[in-house]
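This briefing goes through a protein structure topic by topic. Keep the sequence and the 3D view open while reading.

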Amino acid sequence: MKEKLDLDEIIVKYRPILSFRIRKYLGHQNPDWEDVVNEIITNVIEKIKKREFRGESSIGTFIYTISSRRIVDYIRQKSKTLKHFPEPKTFPAPEQEFENKERAEKLAEAIKKLKPKYRKVLHLYYYKGLSRNEVAEKLGISTRRVSERVDYAQKLLRKLIKK
Amino acid sequence: MKKCKFDDLIDSYLLNKLEREERENFEEHYFNCQRCFEKMVGREELMNVVKNKGQMIFADEERQEEKKEVLFIEKILSFLTPRQWAYAAVSVALVLIVLLNVVPLLKKTPQPPFFLDLDKEERIRGESISLISPVIDIKTVPSQFMWAPLGNDVEYKISIYFNHQPFWTNTTKENTISLPEDVKNRMEASRKYSWQVKAFSPQGILLAVSPKVQFKITSCK
């Protein structure tokens, strides 16, 4: 029971982290990411059950290492497949797409409500694509202050979209 | 809350600006640091929204920037009235025309052309020759005439005049010449003579002429 509980916890905790990394490597619109994540989780559970995880590293590092191997395998396999088949079309789940869209709308509205000093930093840094140094120079503040404003803006936005 | 040392890598990671080793270290880190992972997820969402909806979100900022640019141009334009701008433009054009025409001339001929009047009818363009001696009244008949040299391969023609009539003439490649005894004997005291030197190229082209300088022999030899 203890092992079962741990495994559930592991799945709940690491699925989003794994999904994030896999999607970054495979491409956000690539429909394969979910299968790859499931394969890795199955693999992790099997290894834990077979006591291959001996606690020499953290469980996070253990899962990270397995995911790295799977990413390499996937890329190798994909480059072979691509020689004969075209890239599959993307098909994000409709409900997920709707949820993301709604959240993006909320976040956009929340950014509009921020104080100008935070908006200015986000505008120059993320929209205009200036470097932190360039933003600092343009606004007459230090680069450290630029990072602090981005961090603080993120915190405020988190609060605003929770409302 | 204490800041994580990986905090500053979040943006670079999302923008794919990290080197392989740095990227893998950071990835391993966020598998072990829930706080960094959550922050990164939020940051990525923020980046995507700004990227996709930035035009709508930052419409005011964009307008302000445009306005700033327009104001800057207007500020420059309002510095002068349209009429003054027209005058300024014409003045600048004139100055440019003058400069464009004068500068090449200045480069080609660093000195203005030199004209020398040989007499009332004749005027030549060229360098001048400075006569060294005699140039003032002298006590005895001069035995030597000297002038400033012009350079190599120049032939000088010296002429001595009395009463505006040629008295004696000779040529030399030196910048000095001695008067022959018979000429010296012909020269008399209390008389005014003048002399002049002309320089010629080996092809016989007149290069330079000295002014006609008068001298008087105050006593006899």
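Chain B has six helices and eleven strands. The model is predicted. Of the 221 residues in chain B, 32% count as buried. Among contacts in chain B between residues at least 6 apart in sequence, 56% join residues at least 24 apart.

**Where the two chains meet**

- On the chain A side, 39 residues are in contact with 37 residues of chain B.
- About 3,700 Å² of area is buried between chain A and chain B, and carbon and sulfur atoms give 57% of that area.
- In chain A, the residues that lose the most area to chain B are A:Phe20, A:Tyr126 and A:Tyr127, which together make up 19% of what that side buries.
- A:Lys24 lies over the face of B:Tyr13, a residue of the other chain, at 5.0 Å from the ring centre.

**A glutamate in helix H2 of chain B**

- B:Glu27 is placed in helix H2 of chain B, which covers residues 20-32.
- Is B:Glu27 buried or exposed? B:Glu27 counts as buried because its relative accessible area is 0%, and the cut-off for buried is under 20%.
- Leaving aside residues up to four places away in sequence, B:Glu27 touches A:Arg21, A:Tyr25 and A:Tyr64 in chain A, and B:Tyr13 in chain B.

**Aromatic rings**

- Over all chains, the count of aromatic pairs comes to 20.
- One of these pairs is A:Phe53 with A:Phe62: the ring centres are 4.8 Å apart, the planes stand at 45 degrees, and the pair is tilted.
- Ring pairs also link residues of both chains into a cluster: A:Phe20 and A:Tyr64 from chain A, with B:Phe6, B:Tyr13, B:Phe26, B:Tyr30, B:Phe31 and B:Phe37 from chain B.
- In chain A, the charged end of A:Arg23 sits over the ring of A:Trp33, 4.8 Å from the ring centre.

**A:Phe53 and its surroundings**

- A:Phe53 is found in the loop between helix H2 (33-49) and helix H3 (59-81) of chain A.
- Not counting residues up to four places away in sequence, A:Phe53 touches A:Lys47, A:Ile48, A:Ser58, A:Ile59 and A:Phe62.
- A:Phe62, the ring partner of A:Phe53, counts as buried because its relative accessibility is 12%.
- Ten residues separate A:Phe53 from A:Ile63 in sequence, and their C-alpha atoms are 9.8 Å apart in space.

**Helix H5 of chain A**

- Helix H5 of chain A covers residues 116-127, and its buried residues are A:Tyr118, A:Arg119, A:Val121, A:Leu122, A:His123, A:Leu124, A:Tyr125 and A:Tyr126.
- An α-helix has 3.6 residues a turn, so residues three or four places apart point the same way.
- After H5(A) comes A:Gly129, which has a positive phi, near 75 degrees.

**A three-stranded sheet in chain B**

- In what order do the strands of the open sheet lie? The order is S4-S5-S8 in chain B, with antiparallel pairing.
- Strand S4 (131-133) and strand S8 (176-178) of chain B are the edge strands, and each pairs on one side only.
- On average, neighbouring strands of this sheet are turned by 20 degrees against each other, direction ignored.
- S4(B) and strand S5 (residues 144-147) of chain B run antiparallel and are joined by two bridges.
- Opposite B:Ser133 stands B:Met146 in S5(B).

- Strand S6 (residues 155-162) and strand S7 (residues 165-172) of chain B run antiparallel, and seven bridges join them.
- S6(B) and S7(B) form a hairpin with two residues between them; in the turn, B:Asn163 has a positive phi of about 55 degrees.
- S6(B) is also joined by eight bridges to strand S9 (residues 192-200) of chain B, and these two strands run antiparallel.
- B:Tyr161 stands opposite B:Pro166 in S7(B).

Conventions: Residues are numbered from 1 along each chain as its sequence is written. Chains are lettered from A and ligands numbered from 1 in the order in which they are written. This is a predicted model: local features need pLDDT of at least 70, side-chain atom pairs count only at pLDDT 80 or more; totals for chains, interfaces and linings use all residues. Side-chain values use heavy atoms; hydrogens and water are left out. Two strands pair if DSSP finds at least two bridges between them. Helices (H or I, at least four residues) and strands (E, at least two) are DSSP runs, numbered from the N terminus. Axes are lines fitted to C-alpha atoms, for helices over the stretch in contact, and angles run from 0 to 180 degrees between N-to-C directions. Rings of Phe, Tyr and Trp (its six-membered ring) pair if their centres lie within 6.5 Å; planes under 30 degrees apart count as stacked, over 60 as edge-to-face and the rest as tilted. Buried means under 20% relative accessible area, exposed over 50%, partly exposed in between (1.4 Å probe, protein chains only). A charge sits over a ring if NZ of Lys or CZ of Arg is within 6 Å of the ring centre and within 35 degrees of the ring normal. Contact means heavy atoms within 4.5 Å. Buried area is the accessible area (1.4 Å probe) that two parts lose on being put together, summed over both.
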